[in-house]
Amino acid sequence: MSSVFTGPLLLMQFCIRTILSFCISVLDRTFSLTKGTVAGPGSDPDVIKASPNAVTPTSVNYHFTRKCNYKCGFCFHTAKTSFVLPLEEAKWGLKLLRDSGMEKINFSGGEPFLHEKGDFLGKLVQYCKQDLQLPSVSIVSNGSMIKEQWFQKYGDHLDILAISCDSFEEATNQLIGRAQGRKSHLNNLSKIQNWCQQYKVAFKINSVINTFNVDEDMTDHIIQLNPVRWKVFQCLLIDGENAGEKALREAERFTISDHQFQEFLDRHSSISCLVPESNEKMRNSYLILDEYMRFLDCREGRKDPSKSILDVGVSAAISFSGFDEKMFLKRGGKYVWSKADMKLQW
């Protein structure tokens, strides 16, 4: 097709989808208010009560890209596509989620700072805090692509930055795949912790406990880095991602038993910011949105996608998410997640 027509055609497609998404959002909000509504004795018939079974997307994890510059052997969200939504469509989807009750958005990947060198991510962060006024905006990153200039431009809009670090031994990180060439993952971690302090962003650490780090004692390092939260995950297998014939990773050699995981937790029981997540707690207690803005249902040990919220709205899509809200609350999914409420000493 001639380039003369390509631009207007793409613009027309975007306009049509935007109008359709707007109509869906209106219907979506109406649907969420009326579905399964009840009126008790003596109640005002004009007052509509939301269904007790309706799922509110209070906290959402948006994996807007699958591409990554690391090759962690246990990764459960791998580079199966290179697709990233256009910025305005991603913003519209985030607005739909906010209008449906979202309070916290977490951006992840892949490596979220990889796309457009972090500028795409920064624009989403700014939009969510400044325009949507969400109480909490957070990021999970491996830290390798983060520059101080990003904090200078977007840091005011970010509540929490979580850096993935599975070991405080460089050789172990290399073995796991938590590295890019011979660059020091630990040097990056320390540098980013200092930037978070300087630019008033709450600093968090995520660690996946597996065969290669399960016997490590990380106590002194965690105390020194002083994160607001240290999320400790038991290595999880997901069919089609890090296990099975169609997977891009083979994580079976990384898995540990429940007993081994508990031993690791016991070794670090003195650390007050530790938040443990076993396979049982983790599997269905996250609302995961993929690069197409589809909720991913992990109940069958794989990621079964819903239709996109951009096409069917939040209420229709979230009903296929498999989300376990009770487990979300049990694992401490709801916490003080706005930096304005954390009373941190900067």
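A residue counts as buried when its relative accessible area is under 20%. That cut-off is needed for strand E3, residues 136-141. The model is a predicted one. In it, 6 of the 6 residues of E3 are buried, so the strand is largely enclosed by the rest of the structure.

The wider setting comes next. The protein has 346 residues, and 51% of them are buried. It contains 13 helices and 10 strands. Take the contacts with a separation of 6 or more: residues 24 or more positions apart account for 74% of them. The accessible surface comes to about 16,900 Å². Carbon and sulfur atoms hold 52% of that surface.

Back to E3. Which way do its side chains point? Ser136, Ser138 and Val140 point one way, while Val137, Ile139 and Ser141 point the other way.

E3 has strand partners. One is E2, residues 104-108, which pairs with E3 in the parallel sense over 4 bridges. Within this pairing, Lys104 has Ser136 of E3 as its bridge partner. The chain gets from E2 to E3 by way of helix H3, residues 119-131. This β-α-β crossover is right-handed.

Another partner is E4, residues 160-164. E3 and E4 also pair in the parallel sense, over 4 bridges. Ser141 stands opposite Ile163 in E4. Here the chain crosses from E3 to E4 through helix H4, residues 148-154, and this β-α-β crossover is right-handed.

Asp119 has a relative accessible area of 23%, so it is partly exposed. Lys123 is partly exposed too, with a relative accessible area of 34%.

Now follow the chain to helix H6, residues 185-198. What do they pack against? Just after H6, Lys200 takes a positive phi of about 60 degrees.

Leaving aside residues up to four places away in sequence, Asn173 touches Asp166, Ser167, Arg178, Ala179, His185 and Leu186. Asn173 and Phe212 are 39 residues apart in sequence, yet their C-alpha atoms are 9.0 Å apart in space.

How many salt bridges does the structure hold? It holds 15. One of them joins the side chains of Glu277 and Lys231, at 3.1 Å from N to O. This pair links distant parts of the chain, with Glu277 in strand E7 (residues 274-277) and Lys231 in strand E6 (residues 229-234), 46 residues apart. Are these two residues buried or exposed? Glu277 counts as buried because its relative accessibility is 0%. Lys231, at 4%, counts as buried as well.

Another salt bridge pairs Arg294 with Asp290. Their closest N and O atoms are 2.8 Å apart. Arg294 is partly exposed, with a relative accessible area of 25%. Asp290 has a relative accessibility of 0%, so it counts as buried. Elsewhere, salt bridges that share partners join Arg66, Glu241 and Glu291 into one network.

Conventions:
Residues numbered from 1 in each chain as written. Predicted model: local features only at pLDDT ≥ 70, side-chain atom pairs only at ≥ 80, totals over all residues. Heavy atoms only, no water. Helix = DSSP H or I, 4+ residues; strand = E, 2+ residues; numbered from the N terminus. Buried < 20%, exposed > 50% of the residue type's maximum accessible area, 1.4 Å probe, protein only. Contact = heavy atoms within 4.5 Å. Areas by Shrake-Rupley, 256 points an atom, 1.4 Å probe, with all protein chains shown as cover. Pairing = 2+ DSSP bridges. Right-handed = clockwise from strand over helix to strand, strands pointing away. Expected span 1.5 Å × (residues − 1). Salt bridge = Lys/Arg side-chain N within 4 Å of Asp/Glu carboxyl O.
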